Amino acid sequence: MRRQNVLGLSRDDLESYFETRGEKRFRATQLMLWLYHKLVVDFNSMTNIAAGLRQIMLDELAIELPEVLTVLESQDGTVKWLMKTQSGDTIETVLIPDGRRQTLCISSQVGCVLDCTFCATGKQGFNGNLSTGEIVGQVLQASLWMKEHRPSERLSNVVFMGMGEPLLNFDATFKAIDVLKDDLGFGLSRRRVTVSTAGVVPGIERMCGLTTVALAVSLHAPNDEIRSELVPLNRRYPIESLIDACRAYLTSQDVKATITFEYTLIENVNDTPSLALELAKLLKDFRCKVNLIPFNPFPGSTYRRPDDSRIYAFHKILMDNGIRAMRRTTRGADIDAACGQLVGRVSDRTRRAARYEDGMNSVYTPAQKIRASTVLN
């Protein structure tokens, strides 16, 4: 019998597990405190649990962490882990330090099925969802690393902005969020956990009344024509339906809640003054903020980052029209850990990576194809 991964179990799950074995529910409290507060990942070291019960746990349960293959540190303090999943594929997880704020960007899928044109992750193809244990395991691995290498710091925020679309792995994502928010788990407040979506409208609607976590929406354009080019999912869930779902989610939250709209600025694609005005009109009277993200290049992409003057002009138009907007500073670019650059090694059942590389063979120079192949493989 295969042992069950403890990291995939909520507090309720663990309480039920111990009760069915004739134990008190507080055993779940003990186990979670060892795991998520003391960061102990060996049952035999959990000394306030009786030896007999520890043996039962050893026989029936496992603490299965994603295997860390590489750790890269950026000059700006950003850290990127390459981790191996149960399927044998690899995913990337990124720690972004910003003063006292320590944000961990985690993955929810192996690759991504959505194929947004400006995102390196989508070019890797897709090979399935991560389990709850694999999602929680990323956070625990990062916490263990910080305990050893940056003991004065602790995680303050977790964002589902790594590889994959979390609302297409809904159940595993929100079960993991239960552990992230649980006082016996990582103890993060609702506003310190952010779910980012490319616009899966049914998923946003399902969130209404279920959760109070922060929501970030990858918008990237103020009209359907441009957004459908950048985010193919828009053809199924156009902007009007997306905005309606976002309004419904805000209605289900308290009056202080806002939604963050992510907007990747791409030169001569979505960065003109007229589009800034169109975006301001779209979001007028909406409780939101806009994160302006300069495009982060990756091998094989034909898009370019706008120069600073275009970024500042776009930002100023939004602010002058009453839209709260921020320019995001690119972090971790020297280790390919910036937004849109995350790639793992994916057994691509969509065969998208092969098609993407075939397309490059007819367009790019040999040097460009070598650089892109390094990312794709």
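Is Arg21 buried, exposed or partly exposed? The legends below begin with this residue.

**Figure 1. Arg21 lies in the loop between H1 and H2.** With a relative accessible area of 37%, Arg21 is partly exposed; buried means under 20% relative accessible area, exposed over 50%, and partly exposed in between, for a 1.4 Å probe and protein chains only. The model is predicted, so local features need pLDDT of at least 70 and side-chain atom pairs count only at pLDDT 80 or more, whereas totals for chains, interfaces and linings use all residues. Residues are numbered from 1 along each chain as its sequence is written, and side-chain values use heavy atoms, with hydrogens and water left out. Not counting residues up to four places away in sequence, Arg21 touches Ile56 and Glu60; contact means heavy atoms within 4.5 Å. Arg21 and Ile56 are 35 residues apart along the chain, and their C-alpha atoms are separated by 9.4 Å.

**Figure 2. Helices H1 and H2 cross at roughly 125 degrees.** H1 covers residues 11-19 and H2 covers residues 26-37; helices (H or I, at least four residues) and strands (E, at least two) are DSSP runs, numbered from the N terminus. Two packed helices are described by the angle between their axes and the distance between the axes. Here the axes come within 8 Å; they are lines fitted to C-alpha atoms, for helices over the stretch in contact, and angles run from 0 to 180 degrees between N-to-C directions. The angle makes H1 oblique to H2, since angles under 35 degrees count as roughly parallel, over 145 as roughly antiparallel, 65 to 115 as roughly perpendicular and the rest as oblique. The crossing of H1 past H2 is right-handed; a crossing is left-handed if the near helix is turned anticlockwise from the far one by less than a right angle, and right-handed if clockwise. On the H1 side, Arg11, Leu14, Glu15 and Phe18 meet Arg27, Ala28, Leu31 and Met32 of H2.

**Figure 3. H9 and H10 are roughly parallel to each other.** Their axes come within 9 Å and cross at roughly 30 degrees, and the crossing is right-handed. The residues of H9 that take part are Pro273, Leu275, Ala276, Leu277, Leu279 and Ala280, which meet Phe314, Ile317 and Leu318 in H10.

**Figure 4. The largest nonpolar core holds 108 residues.** A nonpolar core is a set of buried Ala, Val, Leu, Ile, Met, Phe, Trp, Tyr and Cys residues joined through side-chain atoms within 4.5 Å. Met46, Met57, Phe261 and Val290 touch the most other members of this core. Its largest share, 8 residues, comes from helix H4 (residues 132-149). H4 is mostly covered, with 15 of its 18 residues buried. At 1.5 Å a residue, the 18 residues of H4 should span 26 Å, and the distance of 26 Å between its end C-alpha atoms agrees; the expected span is 1.5 Å times one less than the number of residues. Beyond its neighbours within four places in sequence, Val290 is in contact with several residues, among them Phe261, Tyr263, Leu279 and Leu318. In soluble globular proteins, nonpolar side chains tend to be buried together.

**Figure 5. His220 and Asn268 are two loop residues.** Most residues other than glycine have a negative phi. His220, which is not a glycine, has a positive phi of about 70 degrees, and the phi of Asn268 is near 60 degrees. His220 is placed in the loop between strand S11 (214-218) and helix H7 (224-230), and Asn268 in the loop between strand S12 (259-265) and helix H9 (273-282). His220 is buried at a relative accessible area of 3%, whereas Asn268 is exposed at 52%.

**Figure 6. Gly185 is found in the loop between helix H5 (170-181) and strand S10 (193-197).** Gly185 counts as buried, at 2% relative accessibility. Not counting residues up to four places away in sequence, Gly185 touches Met32, Tyr36, His37 and Val179. Gly185 and Val136 are 49 residues apart in sequence and 9.9 Å apart in space, C-alpha to C-alpha.

**Figure 7. Arg247 is found in helix H8 (residues 239-251).** Arg247 counts as partly exposed, at 36% relative accessibility. Apart from residues up to four places away in sequence, Arg247 touches Lys284, Asp285 and Phe286.
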